[in-house]
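Please walk me through this structure. Begin with the overall picture, then go to single residues.

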Amino acid sequence: MVSLLKVAFPLAALALLSTLFLLARAMETDTAIPFADIEVQERLRDQQITGPFFSGTTQTGDQMSFSATKLITLDGTVGTNRAEDVLARLQTAQGATFRLLADTAELDIAENSAVLNGDVSMTSSTGYRIDTAQITSLISTLDVTAPHQVDANGPLGKFTAGNMRIFTPSEGDNTQMLFSGGVKLVYTPNKSGK
C-alpha cells in the first residue's frame with residue numbers, strides 16, 4: 001500500500017499542476033499602463049522630483065534642511081522650483097531650532113530666496129508656535145521674515161503682530177525674533193511661580 005501511494009501521490013500532484021496550466025486563461029499583454037492620459041502628459045511636460053531633500057550649513061554655522069513631497073521646475077524659469085507639502089528645519093549655531101510647515105514653497109537658487117505659502121506654521125525650541133500666510137527666507141544665511149500678520153503662542157501668552165523677522169545680527173551673536181507692526185499681547189503669567 002505504501003509503495004503504491006509513493007507512486008500515486010506524485011502522479012496526482014503532477015496531474016493537478018498540468019491542469020492548472022492547461023486551464024489557465026491567456027493574459028492580455030497589450031493592456032495599457034493604469035495612468036490617465038492627462039497625468040502622463042503632465043509628467044512629461046513638468047520636470048519633477050518626488051521626495052526631494054536638501055540640507056546645508058550657512059556661513060555662520062546655522063544648519064538648514066528642507067524636504068517636500070514633490071518639487072517641480074517652473075516653466076520658462078531657470079533655477080526656480082515649486083515644492084509641495086514642505087517641511088523645513090533650522091538649527092542655529094547657538095542651538096535653537098525652528099521647524100516650518102507649509103503647503104507650498106517657491107525656491108529661487110539664483111536669487112537666494114525661498115517663499116513659503118499657504119498655511120505656514122513654525123514652532124521653535126523656545127516654546128513659540130507661529131501661524132501666518134507667508135514666510136520668506138534667504139537660503140545661504142539665517143534670515144526669515146513673515147511680511148503679513150502672525151498669530152503666535154509662546155511662554156508669555158498669546159499675541160499677534162503685523163510682521164516678524166528671525167535673524168542673526170552678526171557672527172557670534174544670538175539669533176533674534178523681532179515682532180513688529182502693532183504687537184498685541186495677552187500675557188499669561190506662569191502659575192508655577194518660576
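Numbering runs from 1 along each chain as its sequence is written, and side-chain values use heavy atoms, with hydrogens and water left out.

Start with confidence. pLDDT is the predictor's confidence in each residue, on a scale from 0 to 100. The protein averages 83, and 81% of the residues score at least 70. Among its elements, helix α2 (residues 37-45) has the lowest mean pLDDT, 65, while β8 has the highest, 92. Where pLDDT is low, the predicted coordinates should not be read in detail.

Next, the fold. The protein has 14 strands and 2 helices. Both kinds of element are DSSP runs numbered from the N terminus: helices are H or I with at least four residues, strands are E with at least two. Of the 194 residues, 25% are buried. Buried means under 20% relative accessible area, exposed means over 50%, and partly exposed lies in between (1.4 Å probe, protein chains only). A contact means heavy atoms within 4.5 Å. Among contacts with a separation of 6 or more, 33% join residues 24 or more positions apart.

Now look for empty space. Rolling a probe the size of a water molecule over the atoms shows where it is left. The largest pocket holds about 420 Å³. A pocket is an open set of points on a 1 Å grid over the protein atoms alone, with protein on both sides within 12 Å along at least five of seven lines; lining residues have an atom within 4 Å of a point. Points are joined across faces, edges and corners, and the volume is the space filled by probe spheres set on them. The lining has 23 residues, and F54, F66, L107, A114 and I139 are the closest to the centre. Two or more lining residues come from each of β2 (53-57), β3 (63-67), β5 (80-91), β6 (97-108), β7 (113-124) and β8 (129-138). Strand β5 gives the most, with 5 residues. By type, the lining has 18 nonpolar residues, 4 polar and 1 charged. Here Ala, Val, Leu, Ile, Met, Phe, Trp, Tyr, Cys and Pro count as nonpolar, Asp, Glu, Lys and Arg as charged, and the others, Gly among them, as polar.

Stay with strand β5 and find V86. Is V86 buried or exposed? V86 is buried, because its relative accessible area is 3%. Leaving aside neighbours within four places in sequence, V86 has contacts that include F66, L100, L101 and L116.

Most residues other than glycine have a negative phi. D85 is not a glycine, yet its phi is positive, about 50 degrees. N112 also has a positive phi, near 60 degrees. N112 sits in the loop between β6 and β7. At 23% relative accessibility, N112 is partly exposed.

Finish with S124 in strand β7. S124 counts as buried because its relative accessibility is 13%. Its side chain makes a polar contact of 2.8 Å with that of T126. A polar contact is a pair of N or O atoms within 3.5 Å; within protein, one must be able to donate a hydrogen and the other to accept it, and residues adjacent in sequence count only if both atoms are side-chain atoms. Not counting residues up to four places away in sequence, S124 touches T97 and F98.

Terms used: This is a predicted model: local features need pLDDT of at least 70, side-chain atom pairs count only at pLDDT 80 or more; totals for chains, interfaces and linings use all residues. On a 1 Å grid over the protein atoms alone, a cavity is a set of points where a 1.4 Å probe fits but cannot get out, and a pocket is an open set with protein on both sides within 12 Å along at least five of seven lines; lining residues have an atom within 4 Å of a point.
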